[in-house]
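Please keep the sequence and the structure in view while reading.

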Amino acid sequence: KIEDFRDLRRAMLKQYVGANYSDNGSADKVPLPLLHMAVSIYQRHLAARIPRVLIETPFAELKADAADLELATNFWLEKIKFSEVMQRWVSDAMFGMGILKTGLDCGEVVEIDGRMMESGTPFCDTVDLDDAIWDSVATRWDQTSFIGNYYRLPLEAVKDSDLYNKKEREKLKATDDTRMEGDGVEPIEELSFDGKDMSDAYEEQVDLVDIWLRNDGLILTLPVGGDWKKPLRETEWTGPDHGPYHQLAFNKVPKNILPIPPTSLLVDLHDIANRLFNKMGRQAEREKTNLIVNASQIEDGKKLVNAADGEAVALNGANQSSEFHTGGINNGTAAFTMMVKDVFMEMGGNLSTLGGLSPASGTVGQDKLISDAASKQMEAMNAEV
């Protein structure tokens, strides 16, 4: 259903990582990493540090409890490395849609999305767009009848866990990595290497999927490719009504769950700037100056070419030679490239000012006014986060 969206995201990520990341990165050189610069600046403004909570109460008898709850909450935000999760969440939203999965672990020691968790502890992690599924009939995230996500765990750990139905977990087999086969788009983790061979895994793995049923208040855990009529696990959802999945979407589109990613508004300018910059590089490499001489005076030409700067050269046919210049950077192309770069900065919300890359005017007062205006877009995005 979202194959085109995933295809666009992969193309933008190739521009983001450039040609020197891997053989699966950009097909051409990216000497002007404008997209990378923009995303880095956005992340610094939107997810630079771990959030802190302040818990207060007007009731004197509850102040001690409020202080304890504040300390405990801030402690857990650090323990689950929530700042790193926020950075990944914002980064996902830059290229598509950010999805967080939250909840409380149950059991003694369990593994959630590949992470070992203690009993009753909060967890929060991102769900990649490749791994997310939702009710495609819905036009709003809060109106979806179901949301879920794929993930991978060690096969033996699942078979040995009492969290899952004993009869069903015994049927599980190691994944053969065919979940997204035939959808026409490679998973983005393959940007860093060619293909994925599960036979190389240290332990045999199994693909599972959690599905939250909004109206039934249930979370089902099912084996991918197995008998979906019999879940491995069925759990009652006792959390908030909005469920365990949280969407981060910039530039929302009416009656569409998928938003317009900020990078999709900038990638065309990034592409034009780099194609022109590469073109100017080729022009510069072709630039050369040749000495034009009469065919009968070829020896004179060789003397001139080999002579040092300022050296007097005795020629048989003086005034019979001239220089001929070819190639070189076209001034119009250079000027247009700089214009494209300036437009990119402006369309990104005055990135030069936001990133502190250069002063925008000649005075401190004017710079502050420009900076305040540029931060309005960041304020809107920050509110969304």
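## The model

The model is predicted, so local features need pLDDT of at least 70 and side-chain atom pairs count only at pLDDT 80 or more, while totals for chains, interfaces and linings use all residues. Residues are numbered from 1 along each chain as its sequence is written, and side-chain values use heavy atoms, with hydrogens and water left out.

## Salt bridges

Side chains of opposite charge can pair when their charged atoms come close. Counting a salt bridge wherever a side-chain nitrogen of Lys or Arg is within 4 Å of a carboxyl oxygen of Asp or Glu, the model has 13 salt bridges.

One of them joins arginine 6 and aspartate 130, at 2.7 Å from N to O. Arginine 6 belongs to helix α1 (residues 3-17), whereas aspartate 130 sits in the loop between β4 (122-126) and β5 (132-134), 124 residues apart; helices (H or I, at least four residues) and strands (E, at least two) are DSSP runs, numbered from the N terminus. Arginine 6 is buried at 7% relative accessibility, and aspartate 130 is buried at 6%, where buried means under 20% relative accessible area, exposed over 50% and partly exposed in between (1.4 Å probe, protein chains only).

Another salt bridge pairs arginine 52 with glutamate 78, with the closest N and O atoms 2.9 Å apart. Arginine 52 is exposed, at 52%, and glutamate 78 is partly exposed, at 46%.

## Helix α9

Methionine 339 lies in helix α9 (residues 331-347) and is partly exposed, with a relative accessible area of 44%.
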